[in-house]
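Let's take a walk through this fold together, going from the sheet to the helices and ending at a single side chain.

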Amino acid sequence: MEFPAALTSPRAGNTFCGVPVAQAWQDLALWEVFFDRAGVESVIELGTFQGGMALFFAVQGMVRGFTMTTIDHNMDRCDVADVLRRFKCELLTMDLLGESAVDEMTAILARLPKPTLLYCDNGHKPTEWNRFVPLLAPGDFAAVHDWGTEFGPENLDPCPEFFLQAEAESIQSMTRFFRI
């Protein structure tokens with residue numbers, strides 16, 4: 001039996017509620033498991049692009065009661081900005097590589113409820129990881145997309161504790177989760 005591309009490839013034109021996402025469907029199921037087990041109170045997504053994952057997170061946040069913030073340097077590309085705002089998602093425009101980004105992220109993290117998940121999925125994942133993950137508090141979580149292509153074990157120095165590692169590997173997920 002051949003599975004549909006949506007079940008095997010994050011680059012198969014997959015969508016969530018009609019908005020493009022760079023996730024395979026089993027990855028969205030893995031996110032469900034993460035939210036069930038981690039009990040986060042806030043999520044920060046780095047890299048909004050068209051807004052598909054932000055929409056997935058915003059819906060999860062509305063139902064589960066966590067706050068959602070998405071950050072990109074160009075929110076004009078986000079096709080669902082108005083919908084995200086209706087779901088109480090905070091949309092921030094920020095140059096994550098700019099000089100003031102660490103100070104801005106420090107301020108954002110200080111005002112959000114804990115534990116927080118920081119999801120690195122912008123265009124410079126190793127830089128984002130090295131700049132922002134050290135700002136997280138013990139008990140927070142970090143996740144990174146494009147594991148094995150744009151980011152991998154060589155970028156983890158020091159390496160925080162993996163979370164859901166066996167589950168992610170068993171479905172060949174391109175996302176990895178970590179407990180800080």
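In what order do the seven strands of the open sheet run? Keep in mind as you look that this is a predicted model. Reading across the sheet, the order is S5-S4-S3-S6-S7-S9-S8, and the pairing is mixed. Strand S5 (90–93) and strand S8 (161–163) are the edge strands, each pairing on one side only. From one strand to the next, the twist averages 25 degrees.

Now step inside the sheet, to strand S3 (residues 42–46) and strand S6 (residues 116–120). These two pair in the parallel sense, over five bridges. For a landmark here, find Leu46, which stands opposite Cys120 in S6.

With S3 and S6 in view, turn to the helix that lies across them. Helix H4 (residues 101–111) lies across S3, strand S4 (67–72), S5 and S6, and runs at about 160 degrees to S3. Which residues of H4 are buried? They are Ala101, Met105, Ile108 and Leu109. Seen down the axis of H4, these buried residues fall within an arc of 95 degrees, so they line one face of the helix. Their cover includes S3, S4, S5 and S6, together with helix H5 (125–132). Look at the other side of H4 and you will find Asp103 and Ala110 exposed.

Is Arg131 buried or partly exposed? With a relative accessible area of 22%, Arg131 is partly exposed, because the cut-off for buried is under 20%. Setting aside neighbours within four places in sequence, Arg131 is in contact with Leu96, Leu97, Gly98, Ala101 and Val102. Arg131 and Leu156 are 25 residues apart in sequence, and their C-alpha atoms are 12 Å apart in space.

Finally, let's look at a pair of helices. Helix H1 (residues 25–38) and helix H2 (residues 52–64) pack at an angle of about 35 degrees, with their axes 12 Å apart. Their crossing is right-handed. H1 brings Leu28, Trp31, Glu32, Phe35 and Asp36 to the contact, while H2 brings Met53, Phe56, Phe57, Gln60 and Arg64. Sorted by class, the residues of this contact are six nonpolar, one polar and three charged.

Note on methods:
Residues numbered from 1 in each chain as written. Predicted model: local features only at pLDDT ≥ 70, side-chain atom pairs only at ≥ 80, totals over all residues. Heavy atoms only, no water. Axes fitted to C-alpha atoms, helices over the stretch in contact; angles between N-to-C directions. Helix = DSSP H or I, 4+ residues; strand = E, 2+ residues; numbered from the N terminus. Left-handed = near helix turned anticlockwise from the far one by under 90°. Contact = heavy atoms within 4.5 Å. Nonpolar A, V, L, I, M, F, W, Y, C, P; charged D, E, K, R; others polar. Pairing = 2+ DSSP bridges. Buried < 20%, exposed > 50% of the residue type's maximum accessible area, 1.4 Å probe, protein only. Arc of directions from axis to C-beta.
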